[in-house]
Every structure is written in structure tokens, then in C-alpha cells.
Amino acid sequence: MRSGDELRAEARMEAVGAGRPQNWPRALALLGRAADAGNPQAQAELEVLGLTPDHARSAADIDALFAFPQPERLSEQPRLRFVRGFASAAECAWLRGRGTLAPSQVFDPSTGGPRLDPRRSNRSAELTFDELDLVTQVLRSRISAATRLPLPLFEPPQVMRYEPGEEFQPHYDYLDPALAAHAGQRIATFLLYLNDDYEGGETAFPEAGQVVRGATGDALFFANVDGANRPDPLTLHAGRPPNRGTKWVFSQWIRDRSPAAARQSPD
Ligand SMILES: O=C(O)CCC(=O)C(=O)O
Ligand SMILES: [Fe+2]
């Protein structure tokens, strides 16, 4: 008989689609069995998702995990969408503090790797493959449904924390087109606000004239490219510093080509 740990690990493989197609009915049934076997993480994950071990087997409950409220159109140039109540308070609490925080880095085109930069003074945790638990993967699948972009295009997600005075100064998320030709363009950004007990800390778009302050569970997503897939300079944006309290946000960057495939290509 498999242990609770083994059942949960197997559930994760089904949810991530590791070496197999993603299979949510199987993933959630295995998570239910892991919880029945007394695995505390599986029990916690089911509770965050609002499922009992039995419910995990119902198709309607599975569909409900990926449902989201109608996005509001904040702007067409750039394409900016806001979704009130995209995630539950329990899901946001689960994501806060996931992974291991380290000083945030920026992409350095000269090396093709990350580097520290004073323009990004907050801390962030990139969630590795092993850290993609069921709750995080449900959220990413919901993001995939909302953006209509498939999961293989998703970069590893990041949980970001800003203490008072820390910020992500105005920047673009898109990559230099020369680099994008090789590694794929970062066509969309999806931000989920994980808390709201801070002052300041807005997401500001100085060129587009938009300032967004999400409540816990609200989401903002935008296309970094225009209709012709060209980098859109109107997407210039910043994570402003909170002046009181700590801001937490979940950030999912999405490419037009699988980042995993780009890493594996020899050229
Ligand atoms: O924290 C924010 O509001 C902005 C985050 C951001 O710009 C990003 O994740 O690309
Ligand atoms: Fe950004």
C-alpha cells in the first residue's frame, strides 16, 4: 500500500502533468486518498481548495476550481484586465511565503542570466518544479483559463514580497526581440494580489495612466505585446513601494513559446 506521502507526490505529478498529460480528476482523487491516509499537507491543500476528500472526485467541483469572475477591461492600449475575487483568501494565504525568498533579480541580456539590480529592491521566491504544489497548480490552471494561454508557456511563478520602501521601479516585462527570437517572447503578465493590509504599493503604469490597487484575491493581467506581437512600450509599469505594511503578490510571466523547450534546445 502506498503511503500518504507517496500518494501526494503522485497527485502532484498528475496535476503538473510531469511526463504525462495533466489529469485533474486523477490528481484530486489521489490527493483525497493521501488526506485519508493522514497526510497533513494533503489535508491542508484540500481544505484551502474547499474540497473534502469525497468531493475531490466530483466533476462539477473540479470545474469550479478553474472558474473565475468576468475580467474588467481597464484599457485596450495596452490590453489591461482586472479580475475582482480571482482567488480566495485561503488560496492567497497559502501562497504567501511559499518558496524561499531571495533578493529579486532582473534578466541580464549580456549574460542571458539573472543579476541583482538596485531598481528591483524587493525579495521574491521563484517556485521550482518541486515547489509546485496542488494549490499553486490549481491557481496556474485558473490563470491559464483566464488568459486563454496554455500552461507549457508559463515560466516558473514567483511569490514577491515588498517591505516598506522596497519597490520594482518602472520596467517592461517583455524581452528584447533579438533575445525573444531565441527564447520566446514574454507576451503576458498575470499578477495576483495576496494581501491588502499595507499602504501604497500600487501597480502603476505611467505611460498608460493607470494605477491599480488590488484587494486580497484580486488579479491584474496585461499583454506585453501589441496586436502584432511587437513589444508594447505602453506597458511600462512599476511595483510602487508600500509606505506602511508588507505587500505580497504572486507573479506569473507567460511566453509565446515553452520556456522549458527553449532551455533544452542546444543552439
Ligand atoms: O508588484 C507589482 O505590483 C508589479 C510586479 C511586476 O511588475 C512583475 O511581476 O512583473
Ligand atoms: Fe513587471
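**Entry 1: the model.** I reminded myself before starting that this is a predicted model.

**Entry 2: domains.** I looked up the domain assignment and found domain 1 at 4-65 and domain 2 at 72-264. I then checked the spacing: the C-alpha centres of domain 1 and domain 2 are 26 Å apart. How many residues does each domain bring to the contact? I noted 10 residues from domain 1 and 9 residues from domain 2.

**Entry 3: the domain 1 side.** I wanted to know which elements of domain 1 touch domain 2. Those giving two or more residues are α1 (4-16), α2 (24-36) and α3 (40-48). The largest share of this side comes from α1, with 4 residues. I also looked at the residue classes on the side of domain 1 that touches domain 2: 8 are nonpolar, 2 are charged and no polar residue takes part.

**Entry 4: the sheet.** Next I traced the strand order. I found an open sheet of 8 strands, running β1-β2-β13-β9-β16-β7-β6-β3, and the pairing is antiparallel. Which strands sit at the edges? They are β1 (72-75) and β3 (102-103), each of which pairs on one side only. A reminder to myself: strands of a sheet pair through backbone hydrogen bonds, in either a parallel or an antiparallel way.

**Entry 5: one pair up close.** I picked β6 (residues 123-126) and β7 (residues 158-162), an antiparallel pair with 4 bridges. Within this pair I found S124 opposite M160 of β7. I kept M160 in mind, as this residue turns up again in the shell around ligand 1.

**Entry 6: a hairpin.** I moved on to β4 (residues 105-108) and β5 (residues 113-116), which run antiparallel and are joined by 4 bridges. Here V106 stands opposite R115 in β5. What lies between the strands of this hairpin? I counted 4 residues there, and G112 has a positive phi near 75°.

**Entry 7: the ligand shell.** Last, I listed what surrounds ligand 1: M160, F168, D173, T189, L191, T203, H237, G239, V249 and S251. The elements that give two or more residues to this shell are β9 (186-193), β14 (237-239) and β16 (247-255). By class, the shell around ligand 1 has 4 nonpolar, 5 polar and 1 charged residue.

Notes
Residues are numbered from 1 along each chain as its sequence is written. Chains are lettered from A and ligands numbered from 1 in the order in which they are written. This is a predicted model: local features need pLDDT of at least 70, side-chain atom pairs count only at pLDDT 80 or more; totals for chains, interfaces and linings use all residues. Two strands pair if DSSP finds at least two bridges between them. A residue is near a molecule or strand if its C-beta atom, placed from the backbone, lies within 6 Å of it. Ala, Val, Leu, Ile, Met, Phe, Trp, Tyr, Cys and Pro count as nonpolar, Asp, Glu, Lys and Arg as charged, and the others, Gly among them, as polar. Domain bounds come from an automatic or database domain assignment. Two residues are in contact if their C-beta atoms, placed from the backbone, lie within 7 Å.
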